[in-house]
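Good morning, and thank you for the time.

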Amino acid sequence: MSGKNALVTGATHGLGMAMASALAKSGANLLFNDIDQQKIDQATKDYAANGITAHGYLFDVTDQKAVDENISAIENTFGPIHILINNAGIIMRVPALEMDPQDFRKVIDIDLVSPFIMSQRVAKTMKEIGGGKIINICSMMSELDRDSVSAYAAAKGGLKMLTRNLATEWAKYNINVNGIGPGYFATAQTAPIRIGGHPFNEFIINRTPAGRWGDPEDLQGATIFLASKASDFVNGQVIYVDGGILATIGKPSNE
Ligand SMILES: NC(=O)c1ccc[n+]([C@@H]2O[C@H](COP(=O)([O-])OP(=O)(O)OC[C@H]3O[C@@H](n4cnc5c(N)ncnc54)[C@H](O)[C@@H]3O)[C@@H](O)[C@H]2O)c1
């Protein structure tokens, strides 16, 4: 990754930070983004404590003007972005009958529209320089559904198809667009359904062939693969890093 500029959105902690750290440890110049300045300041310290110089940018990935201004600023300072990971995302767990359509739109905007805005802007320069790597962070909800996540499932399912579409359109420019679909990971996003004796915690451990929640570091291998030359002939795929959940219907709890 030496000589490559890598931008990871929402990479102030959790999965984004783990993937971004893998790229930086492999030699990439790390750029990251978030919508929250405090998180950026803390993350800059956390990266430094791990021996990584990371450059944080404060902007909302759904704001096309801000995206354009910040990507231009990055390009002026460091040169073109070679690797983009669209990681920033939110989830709202609300039963569909109670979901405010405005909230539904918000999830779609952040989880589906923003990867399009980011990818389109970055790909304009990738096309000029002869290629690049874009990785969209999908989910098992790109394939399976669960109660109370109508907007998230719609967004992540759409993101899988957007990944295929952009791969189809941009392969001729040597731009690889692929996805990573994390299973259930121990992060802040899953804290409400993982800790405090929540029954979902036991359900996930029993339902996952690997018998545990994912550790953010489990995503680092797929990240390096999809960001590197090793994946130059891989286009429009989603690699599910899920401890085997998608491979099985599970087993009865008394077996
Ligand atoms: N945690 C899991 O188990 C899991 C499983 C599957 C997929 N994912 C996906 O992985 C990605 C990261 O997950 P996480 O658990 O680390 O999430 P997280 O909520 O802990 O972190 C996401 C970050 O994105 C930032 N963000 C939100 N909206 C933004 C915006 N408009 N502009 C810029 N930044 C914004 C947030 O401030 C936050 O720091 C998300 O796309 C999520 O949907 C997570």
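I begin with R93, which counts as partly exposed because it has 14 C-beta neighbours inside 10 Å. Throughout, a residue is buried if 20 or more other C-beta atoms lie within 10 Å of its own, exposed if 12 or fewer, and partly exposed in between, with C-beta atoms placed from the backbone. The model is predicted, so local features need pLDDT of at least 70 and side-chain atom pairs count only at pLDDT 80 or more, while totals for chains, interfaces and linings use all residues. Residues are numbered from 1 along each chain as its sequence is written.

R93 sits in the loop between β4 and α4. Helices (H or I, at least four residues) and strands (E, at least two) are DSSP runs, numbered from the N terminus. The C-alpha atoms of R93 and D147 are separated by 8.2 Å, although the two are 54 residues apart along the chain. Leaving aside residues up to four places away in sequence, R93 touches S148 and V149; contact requires C-beta atoms, placed from the backbone, within 7 Å.

Let me turn to the strands. Two strands pair if DSSP finds at least two bridges between them. Strand β1 (residues 5-8) runs parallel to β4 and is joined to it by three bridges, with I83 as the bridge partner of A6.

Are the two faces of β4 covered or open? Both are covered: I83 and I85 on one side, and L84 and N86 on the other, are all buried. As for β6, eight of its eight residues are buried, so this strand is largely enclosed by the rest of the structure. I175, V177, G179 and G181 point one way from β6, and N176, N178, I180 and P182 point the other way.

V238, found in strand β7, counts as buried because it has 21 C-beta neighbours inside 10 Å. V238 and V177 are 61 residues apart in sequence and 9.4 Å apart in space, C-alpha to C-alpha. The contacts of V238, not counting residues up to four places away in sequence, include K160, T163, N178 and G179.

Next, the core. The largest nonpolar core has 65 residues, where such a core is a set of buried Ala, Val, Leu, Ile, Met, Phe, Trp, Tyr and Cys residues joined through C-beta atoms within 7 Å. Helix α5 (residues 150-170) gives the most to this core, with nine residues. The buried residues of α5 pack against α4 (101-129), β5 (132-137), β6 (175-182) and β7 (238-241). A6 is among the residues with the most contacts inside the core.

Finally, the ligand. Which residues are closest to the ligand? Of the 30 residues that surround it, the closest are G10, G14, G89, F185 and Q189; a residue is near a molecule if its C-beta atom, placed from the backbone, lies within 6 Å of it. The elements that give two or more residues to this shell are α1 (14-25) and β2 (29-34), and α1 gives the most, with three residues.

Terms used
Two residues are in contact if their C-beta atoms, placed from the backbone, lie within 7 Å.
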